[in-house]
Amino acid sequence: MTANGIETNARANVELVTVYELSKILSSSLDVTKTLREALNVLSHYLDFRRMMIALVEDGGEALSLAAAVGLSVKEWSSGRYRSGEGIIGRVFASGSPVVVPDISVEPLFLNRTGALDDAGDETIAFIGVPIRAGADMLGVLCADRVVSRRGGFGSDVRVLSMAANLMGQSVALQRVVTDEHERLLHQAKQARREAPRGRFKLDNVVGTSPRMQQVFAEAHQVAPSRSTVLLRGESGTGKEVIARAIHELSTRKSGPFIKLNCAALSESLLESELFGHEKGSFTGATGERKGRFELADGGTLFLDEIGDISPAFQTKLLRVLQEREFERVGGSKPIKVDVRLICATNRNLEKMVAAGTFRADLYFRINVVSIFLPALRERREDIPALTQHFLERFNRENDRNMKLTQGGQAVMMHCYWPGNVRELENCIERTATMAHHDAIEASDFPCSVNRCLTQVLHFVKKDDAVSPVANESTDSDAESCSPPGDAAPVSRPAPSDDKPDGERDRLVWAMEQCGWVQAKAARLLNITPRQMGYALKKYDIEVRRF
């Protein structure tokens, strides 16, 4: 092989590696500013470009401004604005075709706005510009310059820059679609709040008079008559399944079946069989034909809980079913059409998952037609008394008892952080009512009064601790209750919140309020040191109240 052939193969390998690295970067995040800048760094590093720029079209559609650049100063960046047809960049955008300028010093159309000629010296600088497209839409221009003497020919430069521009166009288009959809959903939610009829709404078997829950009820009433797919969002235990059933009962499909499935509880193969069914002999143990949940829900509603936990491979299969409204059983070849209204639920941040590439953007838009956000119980504390009474009355009916909650007992319920939400409150009421020795439930009857709160056991006992929760109780000095000033009862410790700053700040304020704004007590309540508590208060700018 000649030296020229070896050099050509080496160049081809470099281009292949460059495109591969670009695809990884551009699919890693929806932060276009970050990914485009990293992409230009890769291109300039591998392909020996001197300076590079990406100019994207602005909202008006006629002007271009820099979105990312390599080798430009702040002053040069501020000068990087072009109109369609203006200069080389504007011409590439207007024509939609690549342009190569072998020597920018003799090209009259080259505007030199960003100073490409200023530091060229005696070297001949070439300029290459290629369009950035998404389908038929022109999104911008990718351009680069290099010293001509270092390599001959521009064909390979145009080829690799065109491939890079294609990848960038897909990334920019996806980011804009996600942003537009997010803004549309926000506008839709605001519009629904403005247009929501005045007065009280009710849903069967759902307790809630707080403004937040009334908004949920209003949205459920509004969306129920339609066929639109609904995505219920909120923390675990906020009652997503109950709201899903209520939407079904309010819809025109109420006479049809309501079928539910927890997607997180099954492996991918079992999930496929559960949803789509299977034919006899399709796998070991398939002794007969079996209908899946989609068939069982025909004419009614299918509720898929924990939709954010399905694997990327199964997301593709589910997307096809939602698009085509038909599927095939496992081991079968006959397409089956169904008429199903889909309601999904998740406690995950799907937008972050789409950005990270773990959840398909096209499936996200299929299931996120109408979003209903369920508030955490601690965000609607005014509903706690009614919920407590509801669960206590049900306990009395089922157990032929006449249990009542005293004022002190109600204070315990109101002051708990409820990290497990309504599900945890229900568990607490049933457990306490079962173990109480009299019909009046006092503050002392609750497990948290003797440091045996289930939340504390779940979140504060070490995973490898084989000691039972009873044996693991703190000493009297360590179990000092953290009560608010006055006669309020001791409360259970909150579970650590997630990494979101707002949740952490709320947890800190809650702990300080429960302990009368005594930092040492609040630190013990959160199972951290007083020094860590002081640092956290400063970090979240929480003013310590003085009494």
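User: Is Tyr-364 buried or exposed?

Analyst: Tyr-364 is buried in this predicted model. Its relative accessible area is 3%.

User: What about Phe-365, buried or partly exposed?

Analyst: Phe-365 is partly exposed, at 23% relative accessible area.

User: How are the rings of Tyr-364 and Phe-365 arranged?

Analyst: Their centres sit 5.2 Å apart and their planes meet at 75°. Planes over 60 degrees apart count as edge-to-face, so this pair is edge-to-face.

User: How many aromatic pairs are there?

Analyst: The structure has eight. The pair of Tyr-364 and Phe-365 is edge-to-face. Tyr-417 and Trp-510 form a tilted pair, with 5.3 Å between centres and 55° between planes.

User: Where do Tyr-417 and Trp-510 lie?

Analyst: Tyr-417 is in the loop between helix H14 (407-415) and helix H15 (421-435). Trp-510 is in helix H17 (residues 501-514).

User: Which Phe residues form one aromatic cluster?

Analyst: Phe-276, Phe-294, Phe-314 and Phe-327 do. Phe-294 also turns up among the residues with the most contacts inside the largest nonpolar core.

User: How many residues does that largest core have?

Analyst: It has 35. Leu-275, Leu-302, Leu-304, Ile-307, Leu-318 and Ile-367 are also among those with the most contacts inside it.

User: Which helix gives the most to this core?

Analyst: Helix H10 (312-324) does, with five residues. Other elements that supply at least two residues each include helix H5 (155-195), strand S8 (258-262), strand S9 (301-305) and helix H12 (361-367).

User: Why would nonpolar side chains be together like that?

Analyst: In soluble globular proteins, nonpolar side chains tend to be buried together.

User: What does Ile-367 touch?

Analyst: Leaving out residues up to four places away in sequence, Ile-367 touches Thr-229, Val-230, Leu-231, Ile-307, Leu-322, Cys-344, Leu-350 and Phe-359.

User: What other core is there?

Analyst: Another core, of 29 residues, lies apart from the largest one. Leu-161, Ala-165, Met-168 and Val-172 are among its members.

User: New topic. How many salt bridges?

Analyst: The count is 24. One of them joins Arg-233 and Glu-351, at 2.9 Å from N to O.

User: Where do Arg-233 and Glu-351 lie?

Analyst: Arg-233 is in strand S7 (residues 230-233), and Glu-351 is in helix H11 (residues 350-356). They are 118 residues apart in sequence, so the bridge ties together separate parts. Arg-233 is buried at 8% relative accessible area. Glu-351 is partly exposed at 24%.

User: Which residue forms a salt bridge with Glu-235?

Analyst: Arg-378 does, with the closest N and O atoms 2.5 Å apart. Both residues sit in loops, 143 residues apart in sequence. Glu-235 is partly exposed, at 28% relative accessible area.

User: And which partner does Arg-290 meet in a salt bridge?

Analyst: Arg-290 meets Glu-274, at 3.3 Å from N to O. They are 16 residues apart, with Glu-274 in helix H8 (268-276) and Arg-290 in the loop between H8 and helix H9 (293-296). Glu-274 is buried at 16% relative accessible area, while Arg-290 is partly exposed at 32%.

User: Which residues do shared partners join into one network?

Analyst: Glu-279, Glu-289, Glu-295 and Arg-329 are joined that way through salt bridges.

Terms used:
Residues numbered from 1 in each chain as written. Predicted model: local features only at pLDDT ≥ 70, side-chain atom pairs only at ≥ 80, totals over all residues. Heavy atoms only, no water. Salt bridge = Lys/Arg side-chain N within 4 Å of Asp/Glu carboxyl O. Helix = DSSP H or I, 4+ residues; strand = E, 2+ residues; numbered from the N terminus. Buried < 20%, exposed > 50% of the residue type's maximum accessible area, 1.4 Å probe, protein only. Phe/Tyr/Trp six-rings, centres within 6.5 Å; stacked < 30°, edge-to-face > 60°. Core = buried A, V, L, I, M, F, W, Y, C linked by side-chain atoms within 4.5 Å. Contact = heavy atoms within 4.5 Å.
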